[in-house]
Amino acid sequence: MLNFVMKQLVKRQIKDMPQDQQEMIMNMVEENPELLKTISMEIKTKTKKGMDQQTAMMQVMMDHKEELQRAMMKHKK
């Protein structure tokens, strides 16, 4: 159930991206649900402490930069 909800949320966020990038991100979500869950929780924690969502997202993405790069390279065509 959580995977379904997460997938739907991600799809909504990436709907304006090119199709190939959407596919790559969806594959990452399917193969790395724990990483995406961790990132989501960290963003949520930062926004609850008063940080705006975009800044929180950028900080968390930088914190997980290496993991995200590995996952992206795995799916790059």
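Predicted model: local features only at pLDDT ≥ 70, side-chain atom pairs only at ≥ 80, totals over all residues.
The largest pocket has a volume of about 1,100 Å³. Its lining comprises 29 residues. Those nearest the centre of the pocket are Val-10, Leu-36, Ile-39, Met-57 and Met-61. Five helices each supply at least two lining residues. These are helix 1 (2-14), helix 2, helix 3 (33-48), helix 4 and helix 5 (65-75). By class, 19 residues of the lining are nonpolar. Five are polar and five are charged.

Helix 2 covers residues 19-31. The helix has 13 residues, and at 1.5 Å a residue it should span 18 Å. Several residues of helix 2 are buried: Gln-22, Met-24, Met-26, Met-28 and Val-29.

The side chain of Gln-22 makes polar contacts with two backbone oxygens. A polar atom of this side chain lies 3.3 Å from the backbone oxygen of Ile-14. The side chain of Gln-22 also reaches the backbone oxygen of Lys-15, at 3.2 Å. Leaving aside residues up to four places away in sequence, Gln-22 touches Ile-14, Lys-15, Asp-16 and Met-17. Ile-14 belongs to helix 1, which runs over residues 2-14.

His-64 sits in the loop between helix 4 and helix 5. The relative accessible area of His-64 is 9%. This value falls under the 20% limit, so His-64 is buried. With residues up to four places away in sequence set aside, His-64 touches Leu-35, Thr-38, Ile-39 and Glu-42. One of these contacts, Ile-39, is also among the residues nearest the centre of the largest pocket.

Gln-54 presents another case. This residue lies in helix 4, which covers residues 53-63. The relative accessible area of Gln-54 is 61%. Exposed means over 50%, so Gln-54 is exposed. Along the chain, Gln-54 and Ile-43 are 11 residues apart.

How values were computed
Residues numbered from 1 in each chain as written. Heavy atoms only, no water. Helix = DSSP H or I, 4+ residues; strand = E, 2+ residues; numbered from the N terminus. Buried < 20%, exposed > 50% of the residue type's maximum accessible area, 1.4 Å probe, protein only. Polar contact = N/O pair within 3.5 Å; in protein donor to acceptor, adjacent residues only side chain to side chain. Contact = heavy atoms within 4.5 Å. 1 Å grid on protein atoms, 1.4 Å probe; cavity = no way out; pocket = protein on both sides within 12 Å on 5 of 7 lines; lining within 4 Å. Points joined across faces, edges and corners; volume = space filled by probe spheres on them. Nonpolar A, V, L, I, M, F, W, Y, C, P; charged D, E, K, R; others polar. Expected span 1.5 Å × (residues − 1).
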